Amino acid sequence: MIYGYKRPLYNDEDCIEQTKKLNDFQVSYVLKEKHGSPKKREALEELLMTMQKGDVIVVEKFIVLADTLHHLMDLLKIVKKDGVSIRFIDEELSSDQVLEESLSTILSYFIRFHSEIIKQSTKLGLETAKSQGKSLGRPKKSDENIKKAIEMYHSNHYTLLDIKNETGISKSTLYRYLENMEV
């Protein structure tokens, strides 16, 4: 049997892109996670318990299936032991094929996967912080201190260290505000 598997991702929360790509394959049954979190992946657990020797799992890309390189490796070991194959659409790879790719090509797959892991975990972390009422982004500096730092800077009588000591505004923060003023 050919199974499709999808889950909400940072760039495909409704699994629209994944669905389009899975439609190009003769998938018999598609399992979808209710969330993008790495915990309580019930659909993945169901899939791993259901699959039998000779079955194929089709996913859009590594990040759909796994949350870390270790997780991916564990899943590859499981499917190999069970005689199941995983087809990664974007990478144009199958878990049971012998790779004839260059090391740089294989590394580029893993670099992209690692980048997507970071994006996915960042999105989930921001959602969690937001739901807990935490403020996001840089802490806001007092308008009074910003104004004073800009005045000190334009007077040409103070060093950046003097400005920082007096106002608590760092060089990078000061320059960011000065740059925004020019725009």
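K148 is partly exposed, its relative accessible area being 34%. In this predicted model, the side chain of K148 forms a salt bridge with that of E166, with an N to O distance of 2.8 Å. Distant parts of the chain are linked by the pair, since K148 belongs to helix α6 (residues 143–155) and E166 to helix α7 (residues 160–167), 18 residues apart. E166 has a relative accessibility of 48% and therefore also counts as partly exposed.

The count of salt bridges comes to 11. One of them joins the side chains of K21 and E60, at 3.3 Å from N to O. This pair again connects distant parts of the chain: K21 is in helix α1, whereas E60 is in the loop between β3 and α3, 39 residues apart. The relative accessible area of K21 is 24%, so K21 is partly exposed. E60, by contrast, has a relative accessible area of 5%; this value is under 20%, and E60 is therefore buried.

A salt bridge is also found between the side chains of E17 and K20, with N and O 3.4 Å apart. Here both residues lie in helix α1 (residues 16–23), and their separation of three residues is about one turn of the helix. E17 counts as partly exposed at 34% relative accessibility, and K20 counts as partly exposed at 48%. Elsewhere, salt bridges link R7, E33, R41 and D67 in a network.

Aromatic rings form a further set of contacts. A pair of aromatic rings is described by the distance of the centres and the angle of the planes. Four aromatic pairs are counted in the model. In the pair of F62 and F110, the ring centres are 5.7 Å apart and the planes are at 15°; because this angle is under 30 degrees, the pair is stacked. F62 lies in helix α3 (residues 62–65) and F110 in helix α5 (residues 103–131), so the pair ties together parts 48 residues apart in sequence. F62 is buried, at a relative accessible area of 4%, whereas F110 is partly exposed, at 31% relative accessibility.

F62 also pairs with F113: the centres of these rings are 5.5 Å apart and the planes are at 75°, an angle over 60 degrees, so the pair is edge-to-face. With F62 in helix α3 and F113 in helix α5, this pair ties together parts that are 51 residues apart in sequence. Both F62 and F113 are buried. Through ring pairs, F62, F88, F110 and F113 are linked into a cluster.

In soluble globular proteins, nonpolar side chains tend to be buried together. The largest nonpolar core in the model has 26 residues, of which Y5, I57, V59, L65 and F88 touch the most other members. At least two residues of this core are supplied by each of β1 (2–6), α2 (42–50), β3 (56–59), α3, α4 (69–82), β4 (85–88) and α5. Among the core residues, I57 has contacts with Y3, Y5, L47, M51, V79, V84, S85, I86 and R87, when its neighbours within four places in sequence are left aside. Another core, of eight residues, lies apart from the largest one and includes I150, I163, I169 and L178.

How values were computed:
Residues are numbered from 1 along each chain as its sequence is written. This is a predicted model: local features need pLDDT of at least 70, side-chain atom pairs count only at pLDDT 80 or more; totals for chains, interfaces and linings use all residues. Side-chain values use heavy atoms; hydrogens and water are left out. Rings of Phe, Tyr and Trp (its six-membered ring) pair if their centres lie within 6.5 Å; planes under 30 degrees apart count as stacked, over 60 as edge-to-face and the rest as tilted. Helices (H or I, at least four residues) and strands (E, at least two) are DSSP runs, numbered from the N terminus. Buried means under 20% relative accessible area, exposed over 50%, partly exposed in between (1.4 Å probe, protein chains only). A nonpolar core is a set of buried Ala, Val, Leu, Ile, Met, Phe, Trp, Tyr and Cys residues joined through side-chain atoms within 4.5 Å. Contact means heavy atoms within 4.5 Å. A salt bridge is a side-chain nitrogen of Lys or Arg within 4 Å of a carboxyl oxygen of Asp or Glu.
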